[in-house]
Amino acid sequence: MKLTVWTYEGPPHVGAMRVATAMEGLHYVLHAPQGDTYADLLFTMIERRKKRPPVTYTTFQARDLGGDTAELFKSAAREVHERFDPQAIIVGASCTAELIQDDPAGLAKALGLPIPVIPLELPSYLRKENWGAAETFYQIVRGLCGPFAPPPGTRRPAPDPERRPTCNLLGPTALGFRHRDDIQEITHLLGMMGVDINVVAPYGATPTDITRLGEADFNVVMYPETASVAANWLKRTFHQPMTTVVPIGVNATRDFIGEVAQITGLDPEPVLNGEPSRFNWYSRSIDSTYLTGKRVFVFGDATHAIAAARVAATEFGFKVVGLGTYAREFARDVREAAKRYDVEPLITDDYLEVEAKIEEAAPELVLGTQMERHIAKRLGIGCAVISAPVHVQDFPARYSPQMGFEGANVLFDTWVHPLTMGLEEHLLTMFREDFEFHGDAAPSHLGKGGARVEPSEPATGDAGTQTAEAAVLEPAETAAAIPEPEAATGPAEWTPEALQELKKIPFFVRGKAQRNTERYAAEMGLTRITLETLYDAKAHYAR
């Protein structure tokens, strides 16, 4: 453990709280000191839940350490059963309580309560929040479904051809990024295919619902960080197939529909042919040609980061210049994805390292968590949040899924919004010298005095149609265009006439023209860049 002002994940007992808070009829008895009750605010303030999490703390204090803290835990567990009458209880210890080794699992078992009591062993100093959520969900599924498991070696009976196939949606939790709306979108999508939902878990499920998971024909793993362990156990125990595609983006949603069709034997064509997303056309429309080649840096949990990188590269036409995750358990998946974009994967939970990599990559758009939003704002880069951890504004009142065809529409609107698009950039360039674009009337969303990372050159539709001005740009570079030329910072000084001529070059290639001209001047030993120097550089690089 280390002291830090920001963390991507809390300790594993916070993951357990996310699962308990998502469910109904379940209570979490947490052996913890008084200071660990801060976690309630994550759900009531940030997620805007109407009620407190179903968590009871033993809240022992320093003076209790000389007495019997185990008795405090047993009293708390009895009171929970009497007051809340839950269908099941999960018990565990926070990172602080773990040090006193009171064994909540053994203590709860000794109480002999008439309901299932599921112990959690969450090593706070070795694991983190997402692992804690996955382990908690797995223990709940195993503890409640285990008694209904078929004997080993039993073949799963063939589904009844007269009824619609059923599935479970696994993985959505409290405090998850758009989980509420993703459930609605995937339920609608599967309904269009002819698949009914058996249980959604843990979000909205009761312990009784959990016991019915084995009745479904297959499982949809919506969020592997939370659901993959439980889904694999259900596959081994109940012989239920499971999906592997996370339907974020148009292409992934189509792949998901194909995977479900393969599992169920249903015809996917009616749903695929009636695809309702506007994403594909919007990304090909006139102004969206300025999306092509924009540099994007992606960081978040593994599920959303991998999916966002695919959408950015294959559906927006962005160039992925960075891809990473804080989820070390899924580092292998992120490394494999990074190979497809020829970038070095970033596996870290140190936000300062992430900030340094973003600054080094010089992207035009950052897709990340709440922390990357702060980093991008400081650097003057556009940002869209794609992954937890998030703040209160990323739990919108409106319907805003990330998955499915409607989720793809949301992605387009969300990601394009922080960018300066083509017509806007042209207007900014045309009126750059107008008095309204100086002083307090800053011309862009980056704000007054904000730093700006130069954007990259969009790919042209026809390599044969090259303007005379763009002939300066022959060498391949990854640096991007600047909206307004500035005097060179090196020894070569631009004359006013040369600067005025440079302004006539289209904004999206002007930066390369400026740098190539300055490089030409340096190679020729020139200290001033004149009109003649500019034209000579153009001729030099056009050869």
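I counted a salt bridge wherever a side-chain nitrogen of Lys or Arg sits within 4 Å of a carboxyl oxygen of Asp or Glu. The model I worked on is a predicted one.

**Entry: salt bridges**

My search of the whole structure turned up 21 salt bridges. I began with Asp-217 and Arg-163, whose closest N and O atoms are 3.0 Å apart. Asp-217 is in the loop between helix 7 and strand 7, and Arg-163 is in the loop between helix 5 and strand 5, so this pair ties together parts 54 residues apart in sequence. I then checked accessibility: Asp-217 is buried at 15%, while Arg-163 is partly exposed at 37%.

Next I looked at Glu-364 and Lys-294, which meet in a salt bridge at 3.5 Å, N to O. The two lie in loops, Glu-364 between helix 14 and strand 11 and Lys-294 between helix 11 and strand 8, so parts 70 residues apart in sequence are tied together. Glu-364 is buried, with a relative accessible area of 9%, and Lys-294 is buried too, at 11%. I also noted a network in which shared partners join Glu-71, Lys-74 and Arg-78.

**Entry: helix packing**

How do helix 6 and helix 9 pack? I found an angle of about 50°, with the axes 11 Å apart. The two helices are therefore oblique to each other, and their crossing is right-handed. Among the contact residues are Ile-186 and Met-193 of helix 6 and Phe-256 and Val-260 of helix 9. I sorted the contact residues as eight nonpolar, one polar and no charged.

Terms used:
Residues are numbered from 1 along each chain as its sequence is written. This is a predicted model: local features need pLDDT of at least 70, side-chain atom pairs count only at pLDDT 80 or more; totals for chains, interfaces and linings use all residues. Side-chain values use heavy atoms; hydrogens and water are left out. Axes are lines fitted to C-alpha atoms, for helices over the stretch in contact, and angles run from 0 to 180 degrees between N-to-C directions. Helices (H or I, at least four residues) and strands (E, at least two) are DSSP runs, numbered from the N terminus. Angles under 35 degrees count as roughly parallel, over 145 as roughly antiparallel, 65 to 115 as roughly perpendicular and the rest as oblique. A crossing is left-handed if the near helix is turned anticlockwise from the far one by less than a right angle, and right-handed if clockwise. Contact means heavy atoms within 4.5 Å. Ala, Val, Leu, Ile, Met, Phe, Trp, Tyr, Cys and Pro count as nonpolar, Asp, Glu, Lys and Arg as charged, and the others, Gly among them, as polar. Buried means under 20% relative accessible area, exposed over 50%, partly exposed in between (1.4 Å probe, protein chains only).
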